[in-house]
Amino acid sequence: MAENQRPLEDGIVHDFKVNLSYGRYLHLDEILHAQHPVSVPEHHDELLFILQHQTSELWLKLVLHELQAVLRQLAKDELRPALKGLARVKHIQRTLTEQWSVLATLTPSEYAEFRSFLGTSSGFQSYQYRAVEFTLGNKDRRMLSIFNDEPDARAMLVEALEAPSVYDEFLRYLARHGHDVPVELLQRDVTLPYAFNEDLVPVFKRIYSDPEQFWGAYEACEELVDLEENFQLWRFRHLKTVERTIGFKRGTGGSSGVKFLRDALDLTFFPELYAVRTEIGVPH
């Protein structure tokens, strides 16, 4: 055995004619051969661009998987598992946000070498990202038309559009547990984007005024605020990465680019959870 080399243990499996290997379990042949640069001649940095977006889509798949479980758990009053799921989503969000620092190493001149080859393809067309936004309450039926040529993607979005959002299910959970959630919110058309309701703020003020009594709901409120804050940080890092890479050019998918991304920073999933902060500690 060579110096500075550890012994290979006798129990390590070598024969994979029958045994399941790491590569086959993960379908690595498919994954590692799923990168197909389109630039001619092939530009070195296009692989970074492809992998950045592919890995983001894999994480988004897991976010959707976890949020769908959270929806089911809240509907069954299983708050603790739902909170565990939200905590996992928060960790995924941090990973997604930090990934922008890798793409930010792509300089404007490097990106310009292959950007024209992307045609009209754009992250705007990510149906999984759109499904996450729908699941969190930012519903927009107009987005469905973008996926008319992708029936499976459109079907996924229709399902997310027509299902209650995480916030809808949380408000229903609160109502079942004795909180005076306005009836119109419990009966609202869930295909529409959620709109601020002033009458919900006192419900959250009551919860925040007595955390000991309402600890489960109190913790869930803070988890949702964390989730929204993480989402906004992701949006901001996206905006700044695009700005440093293409400046104020239009997006490849036809959007205004940086302006479109900046406008998204005004969108909110859980408006009353922010509004209540102004009311906490204020006498009646």
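Q: Why does Tyr 173 count as buried?
A: The model is a predicted one. In it, Tyr 173 has a relative accessibility of 9%. Buried means under 20%, so Tyr 173 counts as buried.

Q: What makes Phe 170 count as buried?
A: Its relative accessibility is 1%. The cut-off is under 20%, so Phe 170 counts as buried.

Q: Where do Phe 170 and Tyr 173 lie?
A: Both are in helix α8, which covers residues 166–176. They are three residues apart, about one turn of the helix.

Q: How many aromatic pairs does a search of the whole structure find?
A: The search finds 18 aromatic pairs.

Q: Why is the pair of Trp 100 and Trp 234 called tilted?
A: The ring centres are 5.5 Å apart. Pairing needs centres within 6.5 Å, so the two rings pair. The planes stand at 55°. Stacked needs under 30 degrees and edge-to-face needs over 60.

Q: What parts does the pair of Trp 100 and Trp 234 tie together?
A: Trp 100 lies in helix α4 (residues 79–103), and Trp 234 lies in helix α11 (residues 215–246). The pair therefore ties together parts that are 134 residues apart in sequence.

Q: Are Trp 100 and Trp 234 buried or exposed?
A: Trp 100 is buried, and Trp 234 is buried too.

Q: Why is the pair of Phe 170 and Tyr 173 called stacked?
A: Their ring planes are at 10°. Planes under 30 degrees apart count as stacked, so this pair is stacked. The ring centres are 6.5 Å apart.

Q: Which residues form one aromatic cluster?
A: The cluster is formed by Trp 100, Tyr 129, Tyr 167, Phe 170, Tyr 173, Tyr 194, Phe 204, Phe 231, Trp 234, Phe 269 and Phe 270. Both pairs discussed above have their residues in this list.

Q: What sits over the ring of Phe 124?
A: The charged end of Arg 130 does, 5.1 Å from the ring centre. The distance cut-off is within 6 Å.

Q: Why are α8 and α11 called roughly antiparallel?
A: They pack at an angle of about 170°. Angles over 145 count as roughly antiparallel, so α8 and α11 are roughly antiparallel to each other. Their axes are 12 Å apart. The crossing is left-handed.

Q: Which residues make the contact between α8 and α11?
A: From α8 come Val 166, Tyr 167, Phe 170 and Leu 174. From α11 come Ala 217, Ala 220, Cys 221 and Leu 224.

Q: Why are α4 and α11 called roughly parallel?
A: Their packing angle is about 15°. Angles under 35 degrees count as roughly parallel, so α4 and α11 are roughly parallel to each other. Their axes lie 9 Å apart, and this crossing is left-handed.

Q: What makes Leu 233 partly exposed?
A: Leu 233 is in helix α11. Its relative accessible area is 44%. Buried means under 20% and exposed means over 50%. The value of 44% falls in between, so Leu 233 is partly exposed.

Q: Which residues is Leu 71 in contact with, leaving aside its neighbours within four places in sequence?
A: They are Thr 135, Pro 164, Ser 165, Val 166 and Glu 169.

Q: Which residues of helix α13 are buried?
A: In α13 (residues 271–279), they are Pro 271, Glu 272, Leu 273 and Val 276. These buried residues pack against α8, α10 (201–209) and α11. Gly 281 follows α13 and has a positive phi, near 85°.

Q: How many helices and strands does the protein chain have?
A: It has 13 helices and zero strands. Of its 284 residues, 42% count as buried.

Methods
Residues numbered from 1 in each chain as written. Predicted model: local features only at pLDDT ≥ 70, side-chain atom pairs only at ≥ 80, totals over all residues. Heavy atoms only, no water. Phe/Tyr/Trp six-rings, centres within 6.5 Å; stacked < 30°, edge-to-face > 60°. Helix = DSSP H or I, 4+ residues; strand = E, 2+ residues; numbered from the N terminus. Buried < 20%, exposed > 50% of the residue type's maximum accessible area, 1.4 Å probe, protein only. Lys NZ or Arg CZ within 6 Å of the ring centre and 35° of its normal. Axes fitted to C-alpha atoms, helices over the stretch in contact; angles between N-to-C directions. Parallel < 35°, antiparallel > 145°, perpendicular 65-115°, else oblique. Left-handed = near helix turned anticlockwise from the far one by under 90°. Contact = heavy atoms within 4.5 Å.
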